[in-house]
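Me: Hi! I'm new to this one and would like a quick tour. Can we put it up and go through it together?

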Amino acid sequence: MKQLFFMAFVTSIIVAACKTKKSTTTSADNINYDAQLTGIKDKFPDATIEELKTGNAVYSGACTRCHGKKDVTKYTDEKLIQVIENMSKKAKITEQEKQSLIKFAYGVRAVSASK
Ligand code: HEC
């Protein structure tokens, strides 16, 4: 009988663990890095998924210290770069983080434009 309780306990932990994992992967804005990479490959042929992930981390981290996540899809290319240059100074991110952020922003735009 004890064993049965133990099994039920273990099963409930496994179920809970799977549920948690599922919700974290679906709640992350449903970012499709593969689609982003395809969308920006003309502009950034060397971009990697790692860079896009770094860009997203900066965008959701350092860039939200003063305001929420700003919409990066509504600007022209020049204006977007200009805003990112300005904001990167405010956010005190590294050159590399800025480059990743630019790729991520273009990725977000590419994917939203193709919808
Ligand atoms: C030190 C504070 C601070 C940080 C950090 C910061 N911002 Fe801003 N940001 C502002 C302020 C202030 C404004 C102007 C007021 C507003 O639109 O909320 C602004 C405005 C913006 C706008 C709108 C600009 C426009 O002209 O339409 C965008 C887009 C933006 N930020 C993106 C970013 C991104 C991307 C990052 C990360 C690199 C970032 N911000 C980090 C303070 C900050």
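Reply: Happy to. One term to start with: helices are DSSP runs of H or I with at least four residues, strands are runs of E with at least two, and both are numbered from the N terminus. Also, keep in mind that this is a predicted model.

Me: Good. How many helices and strands does the protein chain have?

Reply: There are five helices and zero strands. Reading along the sequence gives the pattern α-α-α-α-α.

Me: And what percentage of the residues count as buried?

Reply: The protein chain has 115 residues, and 23% of them count as buried. As for contacts between residues at least 6 apart in sequence, 65% join residues at least 24 apart.

Me: How exposed are they? His-67 first.

Reply: His-67 is partly exposed, with a relative accessible area of 28%. Met-87 is partly exposed too, at 32%.

Me: Tell me about H4, then. How many residues does it have, and how far does it reach?

Reply: H4 has 15 residues and reaches 20 Å from its first C-alpha to its last, close to the 21 Å expected at 1.5 Å a residue.

Me: Which residues in H4 are buried?

Reply: Leu-80, Ile-84, Ser-88 and Ala-91 are buried. They cover an arc of only 70° around the axis, which puts them on the same side of H4. Glu-78, Lys-89 and Lys-90, on the other side, are exposed.

Me: What covers the buried ones?

Reply: The cover includes helix H5 (95-113). Before that, H4 is followed by Lys-92, which has a positive phi near 55°.

Me: I spotted Lys-98. Is that one buried or exposed?

Reply: Buried: Lys-98 has a relative accessible area of 10%, and the cut-off for buried is under 20%. Its place is in helix H5.

Me: What does the Lys-98 side chain make a polar contact with?

Reply: With the side chain of Glu-85, at 2.9 Å. Leaving aside residues up to four places away in sequence, Lys-98 touches Ile-84, Glu-85, Ser-88 and Ile-93. Ile-84 and Ser-88 are among the buried residues of H4.

Terms used:
Residues numbered from 1 in each chain as written. Predicted model: local features only at pLDDT ≥ 70, side-chain atom pairs only at ≥ 80, totals over all residues. Heavy atoms only, no water. Buried < 20%, exposed > 50% of the residue type's maximum accessible area, 1.4 Å probe, protein only. Expected span 1.5 Å × (residues − 1). Arc of directions from axis to C-beta. Contact = heavy atoms within 4.5 Å. Polar contact = N/O pair within 3.5 Å; in protein donor to acceptor, adjacent residues only side chain to side chain.
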